[in-house]
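Subject: Structure handover

Hello,

Here is the model we discussed, with the sequence. My notes on it follow below.

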Amino acid sequence: MIVLKSAREIEAMKKSGEILAACHKEIAKMIKPGISTWEIDQFVEQFLSQNGATPEQKGYKGYEYATCASINDEICHGFPRKEPLNEGDIVTVDMVVNYNGALADSAWSYAVGKVSEETDHLLRVTKEALYRGISQAVPGNRIGDIGHAIQTYVESEGFSVVRDFIGHGIGSVIHEKPDVPHYGLPGKGARIKEGMVFTIEPMVNIGMFYTKMDLNGWTARTVDGTLSAQYEHTIAITKDGPIILTEQE
Ligand code: MF3
Ligand code: CO
């Protein structure tokens, strides 16, 4: 069942999204060679608590950290760790903020120092793919229109879209209906309606889209060892189109 949200509920999620966006903007300033994802995770805990919010991922299905920190060939759900980031790495920081019971979810990939031209291309394409998906999230369209726009664009740039992890409805819990794949066919899937709130979060690989799971049971990485990037926003559907609740401006 897809739960539609009232304007008041969307307003509450927007406040949560504003805190999340502000947190990402601080992280952007911190990312450089030598810093660790452990330090970033500690910073997020502190930032959220100073803003009266809590990290919803911590404790979710036994997950132990405020953030997911996925480095290079890690696709998603990497653990924050003490090893420093190196020049040329990319790292995706993903978090869910809870502010007064309203949630917002946003992941962002960051370049560490100077990255290669190919890596920069991956980051640009993945971010553009997110915004192309969002532009399809209008009432009357279908969920498949979002995935189709993302997939055709990503593949036209020579990259692949991960199939094993998808966007999702979000509200008082992290994962609700609808499922939002980042691939698919136009005109297919659930009709997009005013009041829906969901994430769009394409994971894009330089090589093949296949994933493999680490022994920790959480972290997914590319089978071929190529880099993977991700950008995620939480969006609300209004009669006039999507509002991005986690926009960083
Ligand atoms: N933020 C993730 C998503 O986009 C949820 C991660 S669940 C966790 O779906 F437990 F790994 F944190
Ligand atoms: Co997320």
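I start with the second largest pocket, which is lined by Val-3, Lys-5, Glu-9, Ala-12, Met-13, Gly-101, Ala-102, Gly-171, Ser-172 and Glu-176. Please keep in mind that this is a predicted model. The space in the second largest pocket comes to about 150 Å³. Helix H1 (residues 7-30) gives the most to its lining, with three residues. By class, the lining of the second largest pocket has four nonpolar, three polar and three charged residues.

The largest pocket holds about 360 Å³ of space. Its lining consists of 20 residues, and those nearest the centre are Tyr-60, His-77, Asp-94, His-168 and His-175. The lining of the largest pocket divides into ten nonpolar, five polar and five charged residues.

The other item is a helix pair. Helix H3 (residues 117-135) packs with helix H4 (residues 143-156) at an angle of about 155°, and their axes are 8 Å apart. Because angles over 145 degrees count as roughly antiparallel, H3 is roughly antiparallel to H4. The crossing of the two helices, H3 and H4, is right-handed.

On the H3 side, the contact is made by Val-125, Glu-128, Ala-129, Arg-132 and Gly-133. On the H4 side, Ile-146, Ala-149, Ile-150, Tyr-153 and Val-154 make the contact. Sorted by class, the contact of H3 with H4 has seven nonpolar, one polar and two charged residues.

Regards

Notes
Residues are numbered from 1 along each chain as its sequence is written. Chains are lettered from A and ligands numbered from 1 in the order in which they are written. This is a predicted model: local features need pLDDT of at least 70, side-chain atom pairs count only at pLDDT 80 or more; totals for chains, interfaces and linings use all residues. Side-chain values use heavy atoms; hydrogens and water are left out. Axes are lines fitted to C-alpha atoms, for helices over the stretch in contact, and angles run from 0 to 180 degrees between N-to-C directions. Helices (H or I, at least four residues) and strands (E, at least two) are DSSP runs, numbered from the N terminus. Angles under 35 degrees count as roughly parallel, over 145 as roughly antiparallel, 65 to 115 as roughly perpendicular and the rest as oblique. A crossing is left-handed if the near helix is turned anticlockwise from the far one by less than a right angle, and right-handed if clockwise. Contact means heavy atoms within 4.5 Å. Ala, Val, Leu, Ile, Met, Phe, Trp, Tyr, Cys and Pro count as nonpolar, Asp, Glu, Lys and Arg as charged, and the others, Gly among them, as polar. On a 1 Å grid over the protein atoms alone, a cavity is a set of points where a 1.4 Å probe fits but cannot get out, and a pocket is an open set with protein on both sides within 12 Å along at least five of seven lines; lining residues have an atom within 4 Å of a point. Grid points are joined across faces, edges and corners, and a volume is the space filled by probe spheres set on the points.
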